[in-house]
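Subject: The structure we talked about

Hi there,

Here is the structure I promised to pass on. Have a look at it first, and then read on for my notes.

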Amino acid sequence: MCGIVGYIGPRQAFPIVINGLKRLEYRGYDSAGIAIINPDKQTFNVYKYKGKVADLENNTIGKDLTGNIGIGHTRWATHGEPNDINAHPHVSMNKKFIIIHNGIIENYARLKKRLEDRCYKFTSQTDTEVLVNLIEYIYIKGQVSAEIAIRLALTKVEGAYGILVLCTDEPNTIFAARKGSPLVVGIGEGEYFFASDATPIIEHTNRVVFLNDNDVAIVKPDQVTFKTIMNVPVTPTIQELDMDIGEIEKGGYEHFMLKEIFEQPRAIEDTIRGRISIDKKEITLGGLYNVMDKLVHAKRIIIIGCGTSWHAGLVGEYLLEDIARIPVEVEYASEFRYRNPVLYPDDIIIAISQSGETADTLAAIKLAKQAGCTVLGICNVVGSSIPRETHAGVYTHAGPEIGVASTKAFTAQVTVLTMMAVLLGFKRKTISDTQYKHFIEHIYSIPSKIEKILEKHQQIKELAEKYFNITNSLYLGRGYLFPVALEGALKLKEISYIHAEGYPAAEMKHGPIALIDEHMPVIVLASKDKSYEKIVSNIQEVKARKGIVIAIVTEGDETITKLADHVFEIPETPDILTPLISVIPLQLLSYYIAVLRGCNVDQPRNLAKSVTVE
Ligand code: G6P
């Protein structure tokens, strides 16, 4: 939620900040703004507009953009509707401070009231304007330096923030601070970069510092100081990132989402690389080494996540219970954190998150840690908050995912969960040695099976051409394919704004069947697994009510091919691996439908990729 970018150094800040904002636009695109300081001329300029970064760029043509210190923001609105006034940066009443902010100041109303009592006037409806004025109030009233004013103000706020602050009296400095919302400082040669994640920084330097909660960085062109808001010095850990600029560009694809769908064979290969040895026929998950004993003897696993990551968690439940025979519960992080769950110190919590920054998931982790549970993470973004907050974990190596609708992160998460379940099944002797080896061989063959599906993308495109005007749809699956039905429906509604519902196929007769008529496409996940006969009956139930059946079937299927209106074949694979391949045609279907409806596939309305507010 909200992307922030900053630059200080010898170069002109504007192009660097604008470019960075474009890379972070997936975090929110309600409005965009920039502030630039020109210390030589002792001037500063702030430009901010409702709309996207491209609108900011167009609106600033011909304006004074000179200056080598700049901060920029792309917003996902929380407090106050998306408009020019509520856009960031926000400038304090006496123009001493300029701020950009990602997060929510929860006690802003109380602080605002106190500032209003002291004659402060506000122009926007945002919590951020309260913070910048609080800083200024302390600065003027307390006659303290900008740094002290910022640190003191931050001790007064409740909530989450990643902020960059400029002080017009001290124009050679950018102040950065974080609590709850991510912030990365890039260390260049005589120049520094700031961003909500590393993607805007990587083209300039791969040396970065991830700020910790309550840390402040005071950055001048020739000097950087890290400390806590309580003024305790911090020795930063400089990390060298292994990220390639090509990974964050579209590489010839029309959209990031399409690129990411097509990247899945490679993403899964990277996720299993070094973890599955096809020669030795073994699985090694180094990140779980220290907790393996606890995992093997676990009495209960609770999986938490949001959105698509929650769907991956549901697949995890089926896998871990079926293969490793460990009881599993799957919880929405937002519910788990507030419903006073019963937790035991020997519970294992697995938090799943692409971004590693989702606020509800982070809060749920903290709750579980307080209860003494062992918390593991399955995350994609290296160095993000969740891997740092958890006791152990496994990274998915899907590479940067930019499209707001998650695709390759989902299959990479499911791949990690599959490896975990198979390894635990082997260690707990709930599967035989032969089954263990058999599963390893099949996991290894998943990338090539996905390749085969992707080669047939034209078939899915034709289906999309036929059905892109629908208003409703139903996705059905049983067993391992029920979570995939949920994920398929989520993909369609997220990016094409078509109402779609995922359901366990047998539950259809308890409600959704009432919706079925000749206009209702029903997408049925019907590969040959142990529920096959049952799903054939469900298809018959749909056809009896004249519904349109689009079935995802195993290669060579004859029964459903005769019954369904359309079939799409996927390669044969053991039941436990069907989620990994059957989700691919559903991702493609939603993508092509959204494109045909003229939707903004990579940045669907109202959504953001990284939800750092609750
Ligand atoms: C947002 C994104 C989803 C994502 C969810 C959880 O809603 O749009 O694609 O699944 O957040 O995000 P996480 O980064 O924790 O997986």
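Please keep in mind that this is a predicted model. I have sorted my notes by region.

The open sheet

In β4, Ala 35 finds its bridge partner in Ile 71. That pair belongs to an antiparallel pairing of β2 (residues 31-38) with β4 (residues 69-75), which runs over seven bridges. Packed on the sheet is helix α1 (residues 13-24), which touches β1 (3-8), β2, β4 and β10 (192-195). The direction of α1 makes about 155° with that of β1. The sheet as a whole is open and antiparallel, with eight strands in the order β3-β2-β4-β1-β10-β9-β11-β14. At its edges are β3 (43-50) and β14 (239-240), each of which pairs on one side only.

Next, how do α3 and α4 pack against each other? Helix α3 (residues 108-117) meets helix α4 (residues 127-142) at an angle of about 45°, and their axes are 9 Å apart. The two helices are therefore oblique to each other, and their crossing is left-handed. On the α3 side, the contact is made by Tyr 108, Leu 111, Lys 112 and Leu 115; on the α4 side, by Asp 127, Val 130, Asn 133, Leu 134 and Tyr 137. Sorted by type, the residues of this contact are six nonpolar, one polar and two charged.

The loop between α3 and α4 holds Phe 122. Is Phe 122 buried or exposed? Its relative accessible area is 17%, so Phe 122 counts as buried, the limit being under 20%. Leaving aside residues up to four places away in sequence, Phe 122 touches Lys 112, Leu 115, Glu 116, Glu 129, Val 130 and Asn 133. Among these, Lys 112, Leu 115, Val 130 and Asn 133 also take part in the contact of α3 with α4. Along the chain, Phe 122 and Ser 92 are 30 residues apart, and their C-alpha atoms are separated by 8.9 Å.

Helix α7

Helix α7 (residues 264-272) is mostly covered, with seven of its nine residues buried. Those seven are Gln 264, Pro 265, Ala 267, Ile 268, Asp 270, Thr 271 and Ile 272. What do they pack against? Their neighbours are α6 (256-262), β15 (276-277), α13 (408-427), α14 (433-444), α15 (446-455) and α20 (578-596). Just after α7 comes Gly 274, with a positive phi of about 75°.

Two parallel strand pairs

Strand β17 (residues 301-305) is largely enclosed by the rest of the structure, because five of its five residues are buried. Both of its faces are covered: one carries Ile 301, Ile 303 and Gly 305, and the other Ile 302 and Ile 304. β17 pairs with β18 (residues 328-332) in the parallel sense over five bridges, and Ile 304 has Glu 331 of β18 as its bridge partner.

Strand β26 (residues 566-570) has one covered face, made of His 566, Phe 568 and Ile 570, while the face with Val 567 and Glu 569 is uncovered. β26 pairs with β25 (residues 548-554) in the parallel sense, over five bridges. Ile 570, from the covered face, is the bridge partner of Thr 554.

Best wishes

Definitions and conventions. Residues numbered from 1 in each chain as written. Predicted model: local features only at pLDDT ≥ 70, side-chain atom pairs only at ≥ 80, totals over all residues. Heavy atoms only, no water. Pairing = 2+ DSSP bridges. Helix = DSSP H or I, 4+ residues; strand = E, 2+ residues; numbered from the N terminus. Contact = heavy atoms within 4.5 Å. Axes fitted to C-alpha atoms, helices over the stretch in contact; angles between N-to-C directions. Buried < 20%, exposed > 50% of the residue type's maximum accessible area, 1.4 Å probe, protein only. Parallel < 35°, antiparallel > 145°, perpendicular 65-115°, else oblique. Left-handed = near helix turned anticlockwise from the far one by under 90°. Nonpolar A, V, L, I, M, F, W, Y, C, P; charged D, E, K, R; others polar.
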